[in-house]
Structures are given as C-alpha cells and as structure tokens.
Amino acid sequence: MSPAIALAFLPLVVTLLVRYRHHFRLLVRTVLLRSLRDCLSGLRIEERAFSYVLTHALPGDPGHILTTLDHWSSHCEYLSHMGPVKGQILIRLVEEKAPTCVLELGTYCGYSTLLIARALPPGGRLVTVERDPCTAEVAEKLIRLAGFDERTVELIVGSSEEVIPRLRTKYQLSRVDLVLLAHRPRCYLRDLQLLEAHALLPAGATVLADRVLFPGAPRFLQYAKSCGRYRCRLHHTGLPDFPAIKDSIAQLTYAGPG
C-alpha cells in the first residue's frame, strides 16, 4: 500500500478508534491480556478469581464474596461477569417474584448464582447449568464456600440443549417460576423454545435474559415481542467497568401457551 493511500485512510482509522475506544479497551482486557495471563499462570481466569476470593473473602458470607469478585474484576482482571448494577436488578426481581424454583442457564464463575441464591424465599430451589466442566468445578467451589448446599443450589454440568429435556424426568423439575438466561446469547431463542416445548414454564413465569444488546440476541428479542406469549420489558444498563457500552436485561412474563 502506498503512503498516499495509507494517509487517506488515517482519518477514518482515527475516527473509528475514538468512537469505539471503549470496545477496544474491552477487547484488550478480555482477549489479549487474558490470553497472556492464561499462558503465564497456567490457570484460567475463573481459577485465578477463585484463588483471590479464597484469600480475601469471608467464607459463608455470599455478600462479601460477591463484593470481592467485583473488586478483583475492577482492579485486577476483568471477569466478564454480571456486575453489581445488573446484580441489583436481578436481586430486586427475584425478591419481587419470590420464585419457588429458579433455573439458571450459564453458571460461569457462580456470581449470578450467588445473587439469586441469597434472594430466594425460604425453601426456594435454584438449578444452575454450566456446559464447561472446568468452569463448573470452580463455580461449585464458590457456591459451597458461600454456604449454599445442594438442596438450595444444584449445579448440573452439561449443555442446556441436552439438560432441558431431562429436567422433569432426571432432576424432578416439573415447573420453573423464574429463568435466567446468562450463557450464549445465540442459544437464548433455542432454549426458550425448548422450555416451552417441554411445558416447564407456567403462566406468569418470568424469563430474564442478560446481554441482549451487547453482544446481543436480536432473534430472541424479536420472537419474544412478536409471538404473543410474552410481555417484554428491557432494563437498560451498561457493562461492568464499561458503562459507555450499553446493554440490557430483558424481562419476559409468560402468558401461557395459548
């Protein structure tokens, strides 16, 4: 490429870098720096986060564990977790709905799992599903460190596509009052339709979906708004530590199969 052509593109490059500077910083922290630290430490980010929690958080205190994870993500390594702002929305909705049984798809490090578990009504049950065995192992340790036993929080290792059809027969889960979709946004629509097909959603059930704007779940939102079976509301917020990158939690209320 000639110098003249390169100079012609320079204003465009500068404009893009300025406009998307927050996305560029996010890319550096979540991909480049994380990959480097993975290679240098020989540990995954979830394992490094748990090691920090072990040395800085109070066992049996889920609130302190959550605060410790937030601090580690802000000051050490970006964790790509739900974060405190979205977390307050989640806690408020769980306390408001008082669900007897909650299903979480996408345990990840266990952050949102702890948020839900501490907001459950007495006797409430949370079933959380994580497809990656290594991530699930770390999340299991974090959940038990926080003081929740298997009667309150049950972690299932497997893909949501395989687990959902077996929830009723294998895990004695006949209905789900509240669902949190927090795994892969491209799987949200498929899994919502699986929950419908297996009659796991009673009328009035709440479905919450994280990250519907960034990275986004357009087909899921389009279906929820157009199928006629849901009332849809968006809770607008931003990414943890990157408030300029806008995102939303979708809240769906299921009206029933009719």
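**Sheet and pocket**

Author: In this predicted model, seven strands make up an open sheet with mixed pairing, in the order β3-β2-β1-β4-β5-β7-β6.

Reader: Which strands stand at the edges?

Author: The edge strands are β3 (153–157) and β6 (230–239); each has a single partner strand, so one side of each is left without a neighbour in the sheet. On average, neighbouring strands are turned by 15° against each other, direction ignored.

Reader: In which sense do β1 and β2 pair?

Author: Strand β1 (residues 101–105) pairs with β2 in the parallel sense, over five bridges. Val102 has Leu126 of β2 as its bridge partner.

Reader: Which strands does helix α5 lie across?

Author: Helix α5 (residues 83–97) lies across β4 (178–181), β5 (206–209), β6 and β7, and runs at about 150° to β6. Another helix, α2, lies across β6 and β7 (242–254), at about 85° to β7.

Reader: Now the largest pocket: how much space lies in it?

Author: The largest pocket holds about 1,000 Å³ of space. It is lined by 38 residues, and Ser80, Tyr108, Ala182, His183 and Arg211 are the closest to its centre.

Reader: Which element gives the most to that lining?

Author: That is α2, with four residues. The elements giving two or more residues are α2 (21–41), α3 (45–56), α6 (111–119), β2 (125–130) and α11 (212–216).

Reader: And how do the lining residues divide?

Author: There are 15 nonpolar, twelve polar and eleven charged residues in the lining.

Reader: Where does the largest pocket lie relative to the domains?

Author: The largest pocket lies between domain 1 (21–76) and domain 2 (84–254), because both give residues to its lining.

Note on methods:
Residues numbered from 1 in each chain as written. Predicted model: local features only at pLDDT ≥ 70, side-chain atom pairs only at ≥ 80, totals over all residues. Heavy atoms only, no water. 1 Å grid on protein atoms, 1.4 Å probe; cavity = no way out; pocket = protein on both sides within 12 Å on 5 of 7 lines; lining within 4 Å. Points joined across faces, edges and corners; volume = space filled by probe spheres on them. Nonpolar A, V, L, I, M, F, W, Y, C, P; charged D, E, K, R; others polar. Domains from an automatic or database assignment. Pairing = 2+ DSSP bridges. Axes fitted to C-alpha atoms, helices over the stretch in contact; angles between N-to-C directions. Contact = heavy atoms within 4.5 Å.
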